[in-house]
Amino acid sequence: YLASVVGISGVLVGLAFLFAKRAASRAGYRVLEAAGLLLFFGTATLLSFFRLEDWFYPLLIFGGGALVIALGAWQRRALLVACTVPVLVLNLWVQYFAKLNDHVPTFGLVLGFGIGLMGFGLFFERRVKRALPSLREWN
C-alpha cells in the first residue's frame with residue numbers, strides 16, 4: 001500500500017514537471033504538484049500519528065521532505081518548497097513530543113517547544129523573510 005502511495009505521488013509530481021514546460025498557466029501543473037504532495041505527506045503523516053512509537057514513518061517523511069525541498073530548490077519550484085517546509089515543521093513537533101514524552105517531564109518538553117518556536121521565529125525573521133520576495137521569480 002505504501003509503495004503505491006509513494007509511486008503515485010512521484011508520478012503526479014513528475015507529470016507536473018512534464019506539463020510545466022508546455023502549460024499556458026501555472027494553475028494546471030500546480031494542481032498536480034499539490035495533489036502529489038498532499039497524497040504523500042498526508043498519508044505518511046496520518047500513519048505516523050497512529051504509530052507514534054515507530055521510527056519508519058518519521059524517517060520516510062523527513063527523507064521524502066528533504067528530497068522534495070532539494071528538487072524544488074534545484075528546479076526553482078516554489079510550491080514544492082513552500083508546502084513541504086510547514087509539513088516538516090509540524091511533523092518535527094509531533095515527533096518531538098511523541099518520542100520524548102516518556103523520557104523528559106512535560107514541563108521540559110513545553111519549555112523546549114517554546115524555545116524552539118522562538119528560535120524558528122528568529123531564523124524566519126533574519127534569513128527566510130528576506131528570501132521570500134525572490135520566490136516570486138520561481139515557477
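Author: A charge sits over a ring if NZ of Lys or CZ of Arg is within 6 Å of the ring centre and within 35 degrees of the ring normal. This is a predicted model, in which local features need pLDDT of at least 70 and side-chain atom pairs count only at pLDDT 80 or more, while totals for chains, interfaces and linings use all residues. Residues are numbered from 1 along each chain as its sequence is written, and side-chain values use heavy atoms, with hydrogens and water left out.

Reader: Over the face of which residue does lysine 99 lie?

Author: Two charges of this kind can be described here, and arginine 77 supplies one of them, lying over the face of phenylalanine 17 at 4.1 Å from the ring centre. Lysine 99 supplies another, for at 4.9 Å from the ring centre it lies over the face of tryptophan 55.

Reader: In what order do the elements of the protein run from the N terminus on?

Author: Helices (H or I, at least four residues) and strands (E, at least two) are DSSP runs, numbered from the N terminus. By that rule the protein has five helices and zero strands, and its C-alpha atoms fill a box of roughly 55 × 40 × 20 Å along the principal axes. Read from the N terminus on, the order of the elements is therefore α-α-α-α-α.

Reader: Is threonine 84 buried or exposed?

Author: Threonine 84 is found in helix α4, and, leaving aside neighbours within four places in sequence, it is in contact (heavy atoms within 4.5 Å) with Leu37, Phe41, Gly65, Val68 and Ile69. Because its relative accessibility is 0%, threonine 84 counts as buried.

Reader: What share of the residues of the protein count as buried?

Author: Glutamate 137, in the segment after α5 (106-131), is exposed, with a relative accessible area of 59%. Taken over the 139 residues of the protein, the share that count as buried is 27%.

Reader: Why is the pair of tryptophan 93 and tyrosine 96 given the name that it has?

Author: Rings of Phe, Tyr and Trp (its six-membered ring) pair if their centres lie within 6.5 Å, and planes under 30 degrees apart count as stacked, over 60 as edge-to-face and the rest as tilted. A search of the whole structure finds six aromatic pairs. In the pair of tryptophan 93 and tyrosine 96 the centres are 5.5 Å apart and the planes are at 90°, so the pair is edge-to-face.

Reader: How are tryptophan 93 and tyrosine 96 placed in helix α4 (residues 78-100)?

Author: Tryptophan 93 is buried, with a relative accessible area of 18%. Because tryptophan 93 and tyrosine 96 are three residues apart in helix α4, they are separated by about one helical turn.

Reader: Which residues form one aromatic cluster?

Author: Tyrosine 96 also pairs edge-to-face with phenylalanine 97, at 5.1 Å centre to centre and 75° between the planes. Phenylalanine 97, which is partly exposed with a relative accessible area of 30%, touches Leu109, Val110 and Phe113 when residues up to four places away in sequence are not counted. The members of this one cluster are Trp93, Tyr96, Phe97 and Phe113.

Reader: What is the phi of arginine 76?

Author: Most residues other than glycine have a negative phi. Arginine 76 lies in the loop between α3 and α4 and, at 39% relative accessibility, counts as partly exposed. Although arginine 76 is not a glycine, its phi is positive, at about 60°.

Notes. Buried < 20%, exposed > 50% of the residue type's maximum accessible area, 1.4 Å probe, protein only.
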